[in-house]
Amino acid sequence: MTDTLKAHPPSSSHPFAPYINRLKAGGALLPDTQQNVMEVVGILKSYGIVLDAYYRNLLYISEQQFLVFFPFFKYFNGDVSFAKLLRHWQHDRINFEYAEYCMKAMFWHGGGGLDAYLDSPEFMARSQSAIQTRIQGNPGLIALHRLFPEFLPEHVRQLAYYSGLGQFWKVMSEIFLSLSDLYDEGKIQSIPQVVTHIQDGLVAAASLPITYTVTLRNQTHEIIPLSVGLTFLPDVAVPYVEAVFFRGTPFSGTVSYNAQLHQIPPDQSRFGYGALFADPLPIGGAGIPPTLLMQDMRHYLPDYLHDIYKGGKRGEDDLRVKICETFQKSMFCVTTATIFGLAPYPLETNDPEQQRQNQVYLEGWMDRLLDSRLAEVQPT
């Protein structure tokens with residue numbers, strides 16, 4: 001299948017005007033080809049399986065490891081055995097460290113209602129109630145809390161992000177796995193259909209409440225109650241896209257953290273280290289967190305995608321890099337769904353003023369993508 005979207009005259013002098021026109025015509029940032037469909041659906045199936053494991057562990061840590069400072073078995077989800085421990089030591093396991101990497105990126109960059117709530121007096125009061133229950137009868141923790149009163153609340157804030165990201169990934173896992181099922185049934189055959197499926201899933205989940213409750217000493221503590229009004233799309237999904245797709249964090253070994261060398265922007269809003277920007281070639285190297293994700297996904301590749309990779313010139317020698325390249329393609333599809341879902345007006349509108357506002361909106365997105373790998377995922 002080739003990209004047969006009808007041509008539109010350039011609507012602006014923006015360097016990414018062709019992509020804007022493609023979006024207006026109902027296309028996606030990723031071209032519609034049969035190979036792209038196979039790659040995106042296949043990698044999202046693998047990603048969906050991995051996200052299922054990630055979200056369950058994030059929720060387990062937030063709910064069952066509340067203020068446990070030496071959580072040696074936090075990746076075991078409460079199921080600890082000697083056989084499982086041996087597999088863990090041999091790295092025959094899901095790399096949950098990557099899930100924590102994404103959580104910490106969200107926690108650091110902030111944004112959205114979750115970030116705002118965690119700085120509110122209501123959060124402080126609710127977290128203090130849970131903290132007091134947790135440290136009851138523990139002289140060491142009581143002394144620590146008195147000496148450093150901001151220390152434990154900051155840990156609770158981080159645990160709230162464990163929970164928020166877990167709830168977000170639960171929805172995304174279901175979206176990606178159902179996409180694969182529809183593809184297997186022959187109901188998904190194009191990139192625009194992939195984007196529509198993801199967009200429909202995001203819209204359906206947009207108003208899902210984001211809450212966080214822990215049980216300590218048989219007492220229930222609502223850290224984020226339903227009454228706060230946090231919801232899926234504005235309070236976790238959009239901040240996730242900003243923190244993980246766009247900003248990210250610089251990978252150790254690829255840039256210097258020496259402030260005098262100025263290799264890292266002093267303003268985190270100017271960060272461009274996210275999934276849409278990262279060079280796939282360092283994947284597999286030390287200090288490159290996405291290596292963990294690619295290693296996890298390689299275990300769940302559907303046969304048709306694995307065959308594509310094995311048919312390359314290097315076979316499976318650069319498998320993780322190939323997975324990363326495909327993963328970036330899929331994330332441009334998710335980004336397209338986000339762009340469509342957040343547009344001020346339908347992109348097919350005929351109203352001139354709505355068209356003007358959509359144009360400004362789309363050019364704003366393209367400005368953010370100028371230094372991304374958008375050009376690299378286009379046909380050569």
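Contact here means heavy atoms within 4.5 Å. The structure is a predicted model, in which local features need pLDDT of at least 70 and side-chain atom pairs count only at pLDDT 80 or more, while totals for chains, interfaces and linings use all residues. Residues are numbered from 1 along each chain as its sequence is written, and side-chain values use heavy atoms, with hydrogens and water left out.

**Exercise 1.** Find which residues of H11 meet which residues of H13, and describe how the axes of the two helices cross.

*Solution.* Begin with the helices, which are DSSP runs (H or I, at least four residues) numbered from the N terminus. On the H11 side, Thr291, Leu293, Met294, Gln295, Met297 and Arg298 make the contact, and on the H13 side they meet Leu319, Arg320, Ile323, Cys324 and Phe327. Next, take the axes, lines fitted to C-alpha atoms over the stretch in contact, with angles from 0 to 180 degrees between N-to-C directions: those of H11 (residues 290-298) and H13 come within 9 Å and cross at roughly 95 degrees. H11 and H13 are therefore roughly perpendicular to each other, a term that covers angles of 65 to 115 degrees.

**Exercise 2.** Locate asparagine 77 and histidine 262, and decide for each whether the residue is buried or exposed, or in between.

*Solution.* Asparagine 77 lies in the loop between H2 and helix H3 (82-89), and its phi is positive, about 55 degrees, although it is not a glycine. With a relative accessible area of 32%, asparagine 77 is partly exposed, the class between buried (under 20%) and exposed (over 50%), using a 1.4 Å probe and protein chains only. Histidine 262 sits in the loop between helix H10 (232-247) and H11, and with a relative accessible area of 67% histidine 262 is exposed.

Key:
Angles under 35 degrees count as roughly parallel, over 145 as roughly antiparallel, 65 to 115 as roughly perpendicular and the rest as oblique.
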